[in-house]
Amino acid sequence: MPSIPRIQISQQPALIGIDADLGTQDIKQPRPTYEMQVDRPKQDIRQPRGDLDIDQSKAWDALGQGPILQAMSRIYSQCHEIAMQGIARRVEDGNRLAAIHLGGNPIADIAKELSISRPQFDYYGEASYDNVDITYNAHKAEINVVDGKVNVNARVNPPEIEYNRGKLDIYMRQYPKVEITPPQIDFKS
């Protein structure tokens, strides 16, 4: 049987070459800007002096150095009683002089008693351990406070991004081709 000639077809596919280098990316994040301002609190304290009052008028009065009007008032209030004592003594002295029959020397005795004793006026104030009055009035402290505060200013800085493109090279490594080989025809037969 005679052979059927065949056509031989061969093909070569296309090949694409890609040469790529990756890109680089550089990211920097600066720190945030942070500013803080402090207004300190203020405190003002003022302490007024207290009032000290010392009253020693009773002590001076007890020493006989008090106000003259008080001393005269005391003497005046005792005058009636001293006058009555004087009248009683005069009556007693008169009775002693009248009793001549008892003997003795009543005139000399009366003179001697008069030279020794005199009427005593109590013009001094009362002597006491509590004659000096001391009073102290304390004043409250004046406190003024001014509050402090903190002012904060925070700012976020944006990131710094830098991108360097990589290399991308696309080329044909092999072109496509189709070869058709016809059969050999034998013309002799």
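How many salt bridges does the count come to in the protein? The count comes to seven. The model is predicted. The legends below start with the whole chain and then turn to single pairs.

**Figure 1. Overall form of the predicted model.** Three helices and twelve strands make up the secondary structure of the protein. Along the principal axes, the C-alpha atoms fill a box of roughly 225 × 30 × 20 Å. The radius of gyration is 69 Å, whereas a compact globule of 189 residues would have one near 16 Å. Among contacts with a separation of 6 or more, 94% join residues 24 or more positions apart.

**Figure 2. Surface and charge of the protein.** Of the 189 residues, 8% count as buried. The protein exposes about 17,400 Å². Carbon and sulfur atoms supply 55% of that area. The protein has 22 positive and 26 negative charges. Their mean positions lie 12 Å apart.

**Figure 3. The salt bridge between Arg 46 and Glu 142.** The closest N and O atoms of this pair are 2.8 Å apart. Arg 46 has a relative accessible area of 46% and is partly exposed. Glu 142 also counts as partly exposed, at 39% relative accessibility.

**Figure 4. The salt bridge between Asp 133 and Lys 58.** The side chains meet at 3.7 Å, N to O. Asp 133 sits in strand β7 (residues 133–137), and Lys 58 in helix α1 (residues 57–62). The pair links distant parts of the chain, 75 residues apart. Asp 133 is partly exposed, with 28% relative accessibility. For Lys 58, a relative accessible area of 45% likewise means partly exposed.

**Figure 5. The salt bridge between Glu 113 and Arg 96.** Here the side chains meet at 3.0 Å, N to O. Glu 113 lies in helix α3 (residues 106–116) and Arg 96 in helix α2 (residues 68–98), so this pair ties together parts 17 residues apart in sequence. Glu 113 counts as partly exposed at 40% relative accessibility. Arg 96 has 24% relative accessibility; buried would require under 20%, so Arg 96 counts as partly exposed.

**Figure 6. A salt-bridge network of Asp 19, Asp 21 and Lys 167.** Salt bridges that share partners join these three residues into one network.

Notes: Residues are numbered from 1 along each chain as its sequence is written. This is a predicted model: local features need pLDDT of at least 70, side-chain atom pairs count only at pLDDT 80 or more; totals for chains, interfaces and linings use all residues. Side-chain values use heavy atoms; hydrogens and water are left out. Helices (H or I, at least four residues) and strands (E, at least two) are DSSP runs, numbered from the N terminus. The radius of gyration is taken over C-alpha atoms; the globule rule is 2.2 Å times the number of residues to the power 0.38. Buried means under 20% relative accessible area, exposed over 50%, partly exposed in between (1.4 Å probe, protein chains only). Contact means heavy atoms within 4.5 Å. Accessible areas come from the Shrake-Rupley method with a 1.4 Å probe; for residues, only the protein chains shown count as cover. Lys and Arg count as positive and Asp and Glu as negative; His and the chain ends are not counted. The place of a charge is taken as NZ of Lys, CZ of Arg, CG of Asp or CD of Glu. A salt bridge is a side-chain nitrogen of Lys or Arg within 4 Å of a carboxyl oxygen of Asp or Glu.
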